[in-house]
Amino acid sequence: MHRDAAPTHVPTAPRSGGRPLRIAACAEGVGRTDPGSEAPLAHTGHVDRPDLVARLEASTAPLALLVAPAGYGKTTLLGEWARRDARPFAWVTLSARDDDPGHLAGSIVGQLDAIEPLPRTTRPATATSDVLARLVRALGRERPPTVLVLDGAELLSSPAASDVVSTTIDHLGPGSVVAVASRTEPSLRVGRLRAQDDVLELRDEDLVMSEHESELLLRGAGLCLDAAEVTTVVRDTEGWPAGLHLAGLALRGQEDHVGAVARFAGDDRIVADYLREELLAGLAQDDVELLTRTSPLARLSGPLCDAVLGGRGSGETLRRLARSGALLSPLDRCEQHFHVHRLLGEMLQGDLRRAEPAAVSDVHRRASAWYESEGDGDAATDHAIAAGDADHAAELVWRLLPARAAHGRVAVVQGWLDRLSEAQVASRPALAIAAATCRLMVGDRDLGERWLGAAERGIASAPDAEGRPFAAAARTLRAALGRDGVARMGEDARGAYALAADDSPWRTAACLLDGVAAHLTGDRDRAQARLEECSRRAASTAPVLRALCLSQLALVALEEPDLDAGTSLSDRAWDGADRSGIGDVPACALVFAVSAYARAHLGRVDEARLDAVRARRLLGAVGDAPPWFEAEACLALARAELRLSDSAAARALLAQASRALRRVPEKLVVQTWIDDAWGRADTFAEGAVAGPSTLTTAELRVLRFLPSHLSFREVAERLHVSGNTVKTQAHAVYRKLDASSRSEAVRRAREVGLVDG
């Protein structure tokens, strides 16, 4: 078994002038032949890494440090650098004997001497100080810039050997570089060099292969995979070059590439053999045991491993292993959290399952308990599901669901549910309610109603004390579903409010739905009271509900009409959505539709147009929205478009709102609002605009000031344009409104709703 790769030959200097010979070729040696293949892995293909070579060539640092576990192509990269760089390369492939400072100094001097003869010394070196002094004298004369490669620095552990390397770095001369390649964190003192920016470091994260490089490598191994298959292989190998070589061997010759790629994992025999021989063989048995017993965990930390293993000191072991080249990478600079390479983790999990079939579930169960005690509910839920503990998972999902829904982020919850069977979800009200919530929030009312029915059946068969918390949630979702009309929605919301505890998030949602129902059925006072209560309850815990409450209150105010209050409420809803990062939640279609309506009223034309675009996009993502929601959002957008002088868009939106209302069994006051908007749209279409069908944004800005007593010069000052510009735009407004004066233009604009009466 040999290391990453050694050059095919060591360069030597000619004895009679001419340019020194340089490395001509270098092989990537995972260093063995698979039992089922005659071809050594080193011959499965080579991919140049020009970007990495360019970084090495461009660096002026006297030390280049390449640190990564076996199989990351460190030696191959150095060989490629040697072929491209104009400087001569002296190459020392280190052995255990080089941990002796005298032997190491001799190896370095011998290789440098092969490039250009060094001064000879007569007194033999004995003590370390003598070795360093002799090395300094040997390096003391001027010499051309040279690259000295020390390959295999993991074999150097003594402080004396470290001193030899440091002395070489300090005295090799301007323009020269010492390139140190190591599978483990080398025992070199590089703190001073880092502080002076005198070291270029390449580590495993720098040496992983991109998808393009991986495709080239796999193609060189005789594989023709499509883009999706390459992506899968890169994901499974994490771009580890040796892993990609091994994948090439494992997949080569298999007719079903799709199936072979899907099955490829770390427990494949070819991969497992290499990992055991190259990575695990050099580890202590206790270290292998720790990695094996924690292999079901994707993320490791000392406290977590201690909890899972029932021991102590795991943190220091993990740190030591991460520095030993064991395919264990720190996830933070403090080396508190670690990631085991996917292929190694899969191999070790296979070993654990074969040795102790129940151990994997036990590890996940303990990890779930530890994460729960640490307050990380998401990780606790992940591990509960992985442990097969659906009851505990249901408890955790129930606890996390309100916050996820309140922020419009139910994708993670849906991901948990997808990992459970339908029977597991349907038989537990907490999970069935979570499933119904997720589906309703993405506009899938049919599937949402199915899961809600399952939850209601489970609640009906449970004792009252157990079913009451779920009953409030189910009644709230029944109101949100809105299948039986707005009046019934209000009844269900009030029933949910009565069932829920005072601090329950479901009571907050019930307030919103009851307020909406009251508003749409004409009970403005009740609507305002309920919506204001919802806004207070949701202020710090439920940004989606609060934004919807404020938007609904804005509609109440705008209907009175109280433009100032309506605009203020709409701006608060918009600001809250923006600050909370919920602007991409489909339910916020109403927030931006109302904002477009309010801002168009105020003549904030550009803002209104942007809000209208966002509202339309989100409304298209809502799916099967409740009819009242679709009607309100479309009506608000239609009113905005009328203000923005786009009659065609307004009429299309009003038609959509009317179709939505036909799905509601009772007559709502919103129908009156739609009828009024239709009247304005009809008036507009009947001849209000004599020229082009719409006023431009600039013309709408000027139109906003025409009802005032401001002169064109004063309007120009407000708009930061010239007086002539305002005059030109005003005359364009007159022409398009078929008016001959400012007063007539204002009258015609009022008739079609472009300005307030």
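Predicted model: local features only at pLDDT ≥ 70, side-chain atom pairs only at ≥ 80, totals over all residues.
How are α14 and α15 oriented to each other?

Residues are numbered from 1 along each chain as its sequence is written, and side-chain values use heavy atoms, without hydrogens and water.

Helix α14 (residues 302-309) packs against helix α15 (residues 314-322) at about 120°, and their axes are 7 Å apart. The two helices are therefore oblique to each other (angles under 35 degrees are roughly parallel, over 145 roughly antiparallel, 65 to 115 roughly perpendicular, the rest oblique). Their crossing is right-handed (the near helix is turned clockwise from the far one by less than a right angle). Helices are DSSP runs of H or I with at least four residues, and strands are runs of E with at least two.

From α14, Gly 302, Cys 305, Asp 306 and Leu 309 are in contact (heavy atoms within 4.5 Å) with Ser 314, Gly 315 and Leu 318 of α15. By class, this contact has 3 nonpolar, 3 polar and 1 charged residues, with Ala, Val, Leu, Ile, Met, Phe, Trp, Tyr, Cys and Pro as nonpolar, Asp, Glu, Lys and Arg as charged, and the others, Gly among them, as polar.

## Gln 729

Gln 729 belongs to helix α37 (residues 723-736). Its relative accessible area is 19%, so Gln 729 is buried (under 20%; exposed is over 50%, partly exposed in between, with a 1.4 Å probe and protein chains only). Beyond its neighbours within four places in sequence, Gln 729 contacts Ala 698, Glu 699 and Val 702.

Technical notes
Axes fitted to C-alpha atoms, helices over the stretch in contact; angles between N-to-C directions.
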